Amino acid sequence: MAQRPSTDLDPEYLHFPSRKRREGRGIGQTGPMELDALVERATTEIAAASDLDALAEVERTVLGKKGELVSLKKTLGQLEPDERKVAGQALNEAMSKVAGVAGARRDVLAAAAEAEQLAAERLDLTEVMDAVNRGHLHLVTQARDRLEDVFVGMGFTVAEGPEVESAWYNFEALNIPEWHPARGSFDTIFVDLGEPETTMLRSHTSPVQVRTMENQEPPIYIVAPGRTFRTDTADATHLPAFNQIEGLVIDKGIGLGDLAGTIESFVGAFFGHEVTTRLRPSYFPFTEPSAEFDISTPSGDWLELGGCGVVQPKVLENCGIDPEVWQGFAFGFGIDRLAVMRYQLDDIRELVNNDVRFLRQF
Amino acid sequence: MKVLLSWLQEFAPGIDGDPIELGETLSALGLAVEEMTITGQGLDGIVLAKVLDLSPHPDADKIQVVQVDSGDGQPLQVCCGAFNMRVGDLIPFATVGTTMPNGMEIGVRKMRGLASNGMCCSAEEIGLGDDSNGIMLLTDSADESLVGQPITTALGMETDVLYDLEVNANRPDALSVAGVARDLAAALGVPFSFPKAHVERSGEPVETTATVTVHDPSLCGRFAARVLRNVTVGESPRWMQNRLIALGMRPINSVVDTSNYVMLELGQPNHVFDLDTLPDGVLNVRRARDGETLITLDEAERQLIAGDGGISNSADELVSLAGVMGGLSTEVTEQTANVLLEMAWWDPPSISRTVKRLNLPSEASTRFRRGCDWGENIDRAMDRFCELMADMGATIAPGQIDVSGDVPDVSAQRARVRKINSILGTDMTAQDMSNRLTAIGFGVTVVEDDLSISVPTFRWDVVSSHSAEFEANIAEEVGRMYGFERIEKTVPKGEQAGHLSQYQQDRRLVRQVLVGSGCDETQPMPFLAPGDLAKVGLAEDAISLANPLDASESVLRTSLLPGQLKSIAYNQSHRTPSPRFFELGTVFLAPKENDRGEMLPDEHEYLCVALAGEDATAAVAVVNVLANALALPNVQVRNSASLPGMHPTRSGEVVIAGRARGVVGEVAPSVLRSFDVDGRVAWLQLDLTEILNGPHGKRSYRRVSKFPSSDMDLAFVVPDDTGADRVRNTISKAGGDLLVDLSLVDTYRGPGVVEGSRSLAFRLRFQANDRTLTDEEITSTREAIIAAVAKQNSGTLR
């Protein structure tokens with residue numbers, strides 16, 4: 001340490017005159033007993049330091065640049081070399097001992113201070129204001145997206161079409177001529193456009209089949225979700241506007257077995273693989289053979305889900321597809337009904353009421 | 001169609017076994033069992049009783065005091081709420097201790113102080129019909145000597161199984177007991193046959209009594225007629241009434257009941273004329289002429305048009321609406337003694353059109369519309385009718401008038417076994433298919449690998465199909481008899497990958513962004529009330545519905561605004577003052593012609609956001625978020641005072657790549673008031689169809705600079721009529737490539753800022769990709785920006 005003692009008056013001396021008193025004393029006059037006493041006093045003061053600031057003060061008085069031990073060190077130069085070596089060693093030991101004690105004490109005090117700080121920072125995590133509303137997709141959108149995703153996974157694309165249709169797309173191309181008794185069963189909502197009963201809100205999503213077949217060469221693998229309309233007065237189980245999804249496959253050699261397998265595969269993916277399906281003969285003018293399809297319920301009963309069948313050759317012809325080359329199947333069912341079933345809704349009108357108390361549940 | 005097991009067994013005695021399993025077999029054949037009931041059971045304790053006395057209840061007007069004899073000859077007092085009984089009537093009576101079919105226990109009750117010792121029953125209460133208006137009166141149908149006997153004994157009822165079947169429109173044959181029995185017998189592999197009717201004939205033959213001419217063979221494929229004399233129009237036998245009631249028909253009189261019975265049993269509708277009301281027994285089958293009228297059996301005058309099928313008398317006056325309803329003038333009445341019985345085959349489309357136009361559906365026309373049997377079933381039904389009437393004392397005239405018109409061609413058609421297997425996904429042999437078809441009445445010859453098939457006349461649905469359609473029809477019949485459940489399930493593998501279109505993906509993105517903005521998705525119905533569009537300042541020329549369920553839902557929307565305001569008002573009235581809604585829905589704009597020359601509404605998918613309780617800037621913020629999410633090119637909001645329904649000083653058009661694509665801002669206060677909405681509503685409506693089909697989604701990578709950036713805030717005092725977006729554009733242009741970030745961080749009006757102006761504070765970030773910017777570069781860019789804003793926007797640095 002080449003630094004020479006400063007002759008400037010350290011202002012701190014004014015506050016601590018006792019140190020001033022010791023200042024003039026050299027190591028030569030300080031015996032081992034006195035050094036021990038100094039260490040002991042420092043140790044006692046360190047132990048007594050109640051916080052980190054007090055500890056720092058003690059360290060500064062003893063170990064600091066102008067502390068007692070450092071001051072003593074500066075006087076070593078006045079000693080004979082052999083004395084200097086002994087005294088220096090003793091002084092170093094004393095310094096490291098005090099430093100060690102101070103370090104240990106600092107750890108304890110720091111830990112205590114942190115503990116106190118953490119305790120003071122305590123928060124009641126249940127004392128939280130309600131978060132902003134996260135925004136909710138409509139239940140029907142959620143169901144529709146999920147259905148689309150399952151069918152996309154099975155190799156289908158998603159087709160869409162208009163909600164107001166002509167009699168050609170809604171009925172005639174689908175093999176339901178104007179006099180056909182089945183027309184009455186569709187409970188069609190007609191639109192005031194053109195000749196009476198020539199324009200209507202589509203009563204099923206099947207017109208999308210026709211539009212797709214008119215515009216796309218087979219093979220065709222599509223699902224067509226969308227809104228459909230019937231003259232059903234709104235009540236707990238009916239809405240005049242509701243959502244259906246319809247599937248259409250046109251490819252070579254497609255038959256009823258493919259239809260049954262596709263439905264089984266879809267139902268397994270959507271409802272779970274423990275759910276099985278069955279087809280029962282039915283009638284639709286646009287499919288032949290036609291069937292209703294049922295899914296199994298946990299109670300062992302069957303629940304009717306929708307209608308399906310092998311596409312009528314006449315429908316293919318109407319859409320410019322050669323029934324000798326191509327065969328296909330179609331199926332359809334209600335999207336809203338799936339949502340109703342899934343959440344056991346007791347009133348389907350909630351789907352169009354737009355009550356936030358309903359919308360925010362899902 | 002309802003059928004009784006005992007009635008089915010008259011055609012196929014082998015139909016037997018567990019009623020539930022039989023029901024499952026019917027369902028698997030496509031004759032879905034909607035309900036199965038065991039009849040004639042659960043009526044223990046219900047006896048035939050006689051009304052001895054009726055008197056008013058002293059303390060109640062809605063009930064009366066009835067004294068009945070329930071078998072012991074002594075009067076028993078009951079209180080009853082029905083008033084249709086007379087003294088002497090025979091009624092079903094539930095004695096004390098009886099458990100009714102619905103589970104109700106009959107005990108001694110006090111009704112307004114008087115004891116009631118049992119209950120007089122309606123038909124509905126004891127499962128003998130649908131009539132619940134009044135007590136069932138059995139005075140004419142039960143024997144008084146049986147008073148006190150169980151009702152089942154008194155009415156000759158037996159335990160039976162009743163199936164209510166859903167019969168599809170392509171199964172005309174299954175709208176009859178015999179037709180259902182044929183299918184079921186085939187599925188069970190038991191014999192099926194028609195019992196032979198025994199009819200004795202006497203008197204003057206039909207041919208010299210009546211004349212039938214078919215003037216329009218396209219309307220009437222066959223017209224058969226017989227004459228019955230000495231007919232007594234009275235009560236039909238109890239067993240017949242019981243079956244009619246079980247199948248849901250009300251017994252009327254012997255002739256009408258027989259007519260209905262034969263129709264239900266064999267599927268052949270028929271009509272009975274009072275022969276003495278037909279001059280010379282002449283009937284002419286022809287189409288009606290425009291303007292002709294006919295008073296039908298229900299005493300309504302029907303206006304006919306050319307094309308309706310009719311039957312006229314010798315004076316060429318219409319006496320019947322062919323296949324739909326008879327005329328009043330030739331109706332069978334209690335005075336009728338001689339009748340002419342008609343059984344015909346009518347062209348299904350002709351009948352359908354008339355039924356639909358006059359809204360006159362009936363059991364008979366339903367069968368004609370689906371296509372009845374024009375073959376031997378008519379003769380069979382004739383015989384059956386005559387047999388039943390003969391049992392009731394009528395004399396049957398010899399012979400039958402039988403006139404033919406155009407009937408479908410039933411010559412054999414070919415169906416390929418390979419094609420049928422392909423349609424079904426099966427591997428059946430020709431012989432296997434042949435056996436299954438033969439069992440349900442088809443005539444089949446196996447010719448090499450194909451089938452040559454004669455379709456029975458009771459399957460008009462199959463007869464009327466040809467070539468590919470015919471094969472599909474045959475495949476359905478083969479599949480039905482084979483069992484759909486036995487067909488192996490396979491999954492076809494298309495070669496294309498499944499995917500959503502770009503539009504569909506973008507639509508999902510839009511929804512996600514809006515949900516992320518804290519909005520709830522709504523889906524109101526697309527119908528509006530007349531006036532809703534006018535209330536939001538839009539033209540009232542929207543497309544309306546021809547047959548709306550409700551006048552308040554009769555107009556197709558051209559804007560999503562009315563629906564959203566209704567939803568907000570609804571929620572505000574249920575203590576949600578500030579809902580944040582969005583909707584993606586179809587609007588129906590002025591019609592356009594499609595490729596087929598049809599006029600259909602121009603449908604667009606609109607997106608709207610409605611933020612109750614927020615001001616216009618909240619909606620503009622949504623525009624910015626969407627513009628960012630979809631990478632919309634050059635999005636501007638142009639203030640406009642003339643947007644329908646919008647706040648004149650707080651709204652504008654959303655312009656994307658130079659084209660107006662929607663509106664944003666606030667809904668006009670007057671509009672909000674007219675929909676009972678409180679507070680402000682920030683509103684955004686965009687034409688999603690145009691936007692997503694237009695340019696968007698183009699993004700290019702910009703390398704993230706590794707050099708330090710320099711931030712700077714600049715506040716300009718700018719006149720109020722200068723849009724902030726214009727100032728922003730000026731800064732952006734003047735800042736050039738070095739300006740990498742620019743945002744408006746504060747606006748201020750008040751002391752220190754000139755009246756008519758406001759301060760706009762922008763935060764700018766400068767950065768280069770290839771170097772650290774020098775102070776000089778930043779300073780000169782800053783000065784260029786300040787100068788540009790001063791020059792172009794009259795803005796002064798604050």
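Here are some numbered notes on this predicted model, written to be read beside the structure.

1. **How to read the values.** Residues are numbered from 1 along each chain as its sequence is written, chains are lettered from A in the order in which they are written, and side-chain values use heavy atoms, with hydrogens and water left out. Because the model is predicted, local features need pLDDT of at least 70 and side-chain atom pairs count only at pLDDT 80 or more, while totals for chains, interfaces and linings use all residues.

2. **Domains.** Chain A splits into domain 1 (11-120) and domain 2 (139-359), with bounds that come from an automatic or database domain assignment. The C-alpha centres of these two domains of chain A are 91 Å apart. For chain B the assignment gives domain 1 (2-40 + 160-188), domain 2 (46-154), domain 3 (206-404), domain 4 (413-482), domain 5 (502-693) and domain 6 (710-797). Between domain 1 and domain 6 of chain B, the C-alpha centres lie 86 Å apart.

3. **Cis prolines in chain A.** Two places to look at on your screen: the peptide bond from A:Pro218 to A:Pro219 is cis, with omega near 0°, and a cis bond also joins A:Glu288 and A:Pro289, with omega about 0°. A:Pro219 sits in the loop between helix H10 (206-215) and strand E5 (220-229) of chain A, whereas A:Pro289 belongs to strand E8 (residues 287-296) of chain A. Helices (H or I, at least four residues) and strands (E, at least two) are DSSP runs, numbered from the N terminus.

4. **A buried helix in chain B.** Eight of the 11 residues of helix H8 (residues 348-358) of chain B are buried, so this helix is largely enclosed by the rest of the structure. Buried means under 20% relative accessible area, exposed over 50%, and partly exposed in between (1.4 Å probe, protein chains only). Among the buried residues of H8(B) are B:Ile351, B:Val355 and B:Leu358. B:Asn359 follows H8(B) and has a positive phi, near 50°.

5. B:Ser467 is not a glycine, yet its phi is positive, about 45°; B:Ser467 is found in helix H14 of chain B and counts as exposed at 53% relative accessibility. B:Ser794 likewise has a positive phi, of about 50°. B:Ser794 lies in the loop between helix H22 (775-793) and strand E38 (796-797) of chain B, and is exposed with a relative accessible area of 51%.

6. **Salt bridges.** The whole structure holds 66 salt bridges over all chains, each being a side-chain nitrogen of Lys or Arg within 4 Å of a carboxyl oxygen of Asp or Glu. One of them pairs B:Arg384 with B:Glu387 (3.0 Å, N to O). These two residues are three apart in helix H10 (residues 376-391) of chain B, so they are separated by about one helical turn. B:Arg384 is buried at 17% relative accessible area, and B:Glu387 is buried at 14%.

7. B:Arg511 and B:Glu521 meet in a salt bridge (2.8 Å, N to O). The pair links distant parts of the chain, with B:Arg511 in helix H15 and B:Glu521 in strand E26 (residues 520-521) of chain B, 10 residues apart. Both B:Arg511 and B:Glu521 are buried. Elsewhere, salt bridges that share partners join A:Arg144, A:Asp145, A:Glu148, A:Asp149, A:Glu160, B:Arg507, B:Arg508 and B:Glu605 into one network.
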